[in-house]
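Student: Please take a close look at one part of this model, a helix pair and what follows it. Keep it brisk.

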Amino acid sequence: MRVLITGGSGFVGQRLCQRLAKDGHRVQVVSRDPEAVRSRLPTGADIRRSVLDFIDSPPQAIVNLAGESIAAKRWSDDQKKRLIDSRVNVTRDLVILCEQLAQSGAGAPRVMVSGSAMGYYGDQGDREVTEETAPHDEFAHRLCKRWEDTAKEAAEHGTRVALLRIGLVLDQGGGSLKKMLPPFKLGLGGRFGSGRQYMPWVHREDLVRAIRFLLERDDLDGPFNGSAPHPVTNAEFTRALARQLKRPAFFPVPAILLETAFGEMSRLLLTGADMRPARLLEAGFTFRFETLEAALADILG
Ligand SMILES: NC(=O)c1ccc[n+]([C@@H]2O[C@H](COP(=O)([O-])OP(=O)(O)OC[C@H]3O[C@@H](n4cnc5c(N)ncnc54)[C@H](OP(=O)(O)O)[C@@H]3O)[C@@H](O)[C@H]2O)c1
């Protein structure tokens with residue numbers, strides 16, 4: 001089938017495109033710079049600048065991953081607007097595409113798996129968090145809520161919408177691990193603040209499998225937590241990473257230092273949620289990497 005992927009050039013999107021192309025699907029990618037990203041995508045990928053450029057080549061399925069990186073810059077008012085607009089505008093275009101295709105007789109895409117993040121829940125302390133848990137109101141929550149609410153509008157045109165609240169994605173060559181590795185390899189790693197904040201994580205391979213699971217299962221819609229069944233605290237993550245690298249990690253980074261350096265964005269490092277993939281497990285999805293030790297051994301071993 002034809003699958004349209006926004007953010008297909010990104011850390012998650014690239015792996016998803018490879019897997020879909022390998023299984024014989026036709027990959028369509030929206031990118032701000034098609035020529036620059038072509039070499040990162042499977043041969044034959046149809047890359048266009050905007051979602052609405054695909055009106056003449058209707059996708060049967062959509063995966064929506066585009067968005068300005070949440071940790072790119074301090075969260076000034078301008079940057080907060082960029083974080084929201086970069087997600088909501090692309091998502092709104094997807095809803096318009098669904099509407100136009102439904103009206104044209106070509107038929108709206110069957111399904112849209114739309115990105116969201118653990119930030120939907122905001123800071124939850126050490127409470128166990130499932131898709132039922134009420135969110136804590138803060139910027140990350142408001143960002144994810146607007147992203148999700150826009151995506152949900154596609155359902156009005158007959159498209160099944162699954163929202164994937166993604167945890168920290170782990171693999172080689174990108175994501176947070178790439179930033180964490182240099183200090184840890186030098187033996188200069190350590191927990192952030194108290195280290196008690198939860199870090200729900202997921203191996204990139206399992207995330208891509210979860211996206212494909214949600215694309216295929218016609219009976220599933222609504223929110224799904226996209227992280228492994230055994231989340232860890234930041235202190236546990238620090239210990240596991242140090243053990244895997246056979247390095248000490250004795251250098252805790254005080255909360256005040258992170259708050260001074262990163263402002264409100266430091267909440268990404270200092271707060272979290274003990275997020276569990278309740279609905280994916282209930283639907284019968286199995287994780288290949290259930291524990292952080294297994295994931296890190298695969299990635300770094
Ligand atoms: N990686 C994680 O740990 C993690 C955790 C939770 C949630 N998520 C969410 O999952 C999605 C995919 O994550 P990822 O790690 O693959 O992200 P990524 O590597 O940063 O890729 C996102 C893609 O979005 C596009 N993009 C970036 N800035 C944009 C902007 N200002 N306007 C429009 N498009 C823009 C880029 O595509 P082009 O340059 O080709 O246009 C980029 O390749 C993201 O939305 C992210 O928020 C990721």
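Tutor: Helix H7 (residues 234-245) packs against helix H11 (residues 292-300) at an angle of about 40°, and their axes lie 10 Å apart. Helices here are DSSP runs of H or I with at least four residues, strands are runs of E with at least two, and both are numbered from the N terminus. Axes are lines fitted to C-alpha atoms, for helices over the stretch in contact; angles run from 0 to 180 degrees between N-to-C directions. H7 is therefore oblique to H11. Angles under 35 degrees count as roughly parallel, over 145 as roughly antiparallel, 65 to 115 as roughly perpendicular, and the rest as oblique. The H7 and H11 crossing is right-handed. Right-handed means that the near helix is turned clockwise from the far one by less than a right angle, left-handed that it is turned anticlockwise.

The model is predicted: local features need pLDDT of at least 70, side-chain atom pairs count only at pLDDT 80 or more, and totals for chains, interfaces and linings use all residues. Residues are numbered from 1 along each chain as its sequence is written, and side-chain values use heavy atoms, leaving out hydrogens and water.

Now the loop. Lys 246 sits between H7 and helix H8 (255-262). Lys 246 is not a glycine, yet its phi is positive, about 55°. Its relative accessible area is 69%, so Lys 246 is exposed. Buried means under 20% relative accessible area, exposed over 50%, and partly exposed in between (1.4 Å probe, protein chains only).
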